[in-house]
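My entries follow in the order I made them.

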Amino acid sequence: RLAALVEQALPVFDRAGDHLALYIAYSALTELEFQRAKMDASLESAERASVHARQAGHAAPGSFGTVAAGRFFGTTPVPELMVWLDEHEHDRGRDHFFRAYRAWSLAKLGRFEEARAILAEARRELEDRGSTVLLANITAFESVGVELLAGDPTAAVEFGADGFRLHEE
């Protein structure tokens, strides 16, 4: 029902030139499409949401992470994703989502040591900051994924157990 409501509202918001409302509507579509595993559609909605947020003068928290997720989990080829990360990472600083997607992408290209180094540094920084949820996610998901791609299921299990423990905490 939410998707239908948003689809009805979009032309109204567009005619009104209400960029904040368009940002909110496209953000809702982004989440719905992500939940339905329609990653390319989610990416398109996230990019539209970002444009409208900027036009409304709104600094949308997490919007680049959402766009990065859409590119990573969608059909964007890994080399193209790496170029996109290079182009945008300097604007965003040391974004942990960008680093996580870069590491996993490097592993997909067989560059395991680089991937592991990025994740090890991210985990150290997050641990030092006391950022438990993000640390748990990078440990339980990206670190596990890199080790599975590298063919090291023992390390993957260890990261998975550690990430699970961190999530419980």
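I began with the surroundings of Glu-142. Leaving aside neighbours within four places in sequence, I found Glu-142 in contact (heavy atoms within 4.5 Å) with Ala-100, Tyr-101, Trp-104, Leu-119 and Asn-137.

I noted the basis of the values: this is a predicted model, where local features need pLDDT of at least 70 and side-chain atom pairs count only at pLDDT 80 or more, while totals for chains, interfaces and linings use all residues. Residues are numbered from 1 along each chain as its sequence is written, and side-chain values use heavy atoms, with hydrogens and water left out.

I placed Glu-142 in helix 8, residues 132–149; helices are DSSP runs of H or I with at least four residues, numbered from the N terminus.

Glu-142 is buried but has no salt bridge. Buried means under 20% relative accessible area, with a 1.4 Å probe and protein chains only. A salt bridge needs a side-chain nitrogen of Lys or Arg within 4 Å of a carboxyl oxygen of Asp or Glu. The nearest side chain of opposite charge, Arg-123, lies 8.8 Å away.

I turned to the helix pair. Helix 7 (residues 112–129) packs against helix 8 at about 165°, the axes being 10 Å apart. The two are therefore roughly antiparallel, a label for angles over 145 degrees. Among the residues making this contact are Leu-119 and Arg-123 of helix 7 and Glu-142 of helix 8.

Last, I looked up Ser-50. Ser-50 sits in helix 3, residues 39–55. Ser-50 is buried because its relative accessible area is 12%. Not counting residues up to four places away in sequence, Ser-50 touches Ser-63 and Val-67.

Terms used: Buried < 20%, exposed > 50% of the residue type's maximum accessible area, 1.4 Å probe, protein only. Lys, Arg positive; Asp, Glu negative; His and termini not counted. Axes fitted to C-alpha atoms, helices over the stretch in contact; angles between N-to-C directions. Parallel < 35°, antiparallel > 145°, perpendicular 65-115°, else oblique.
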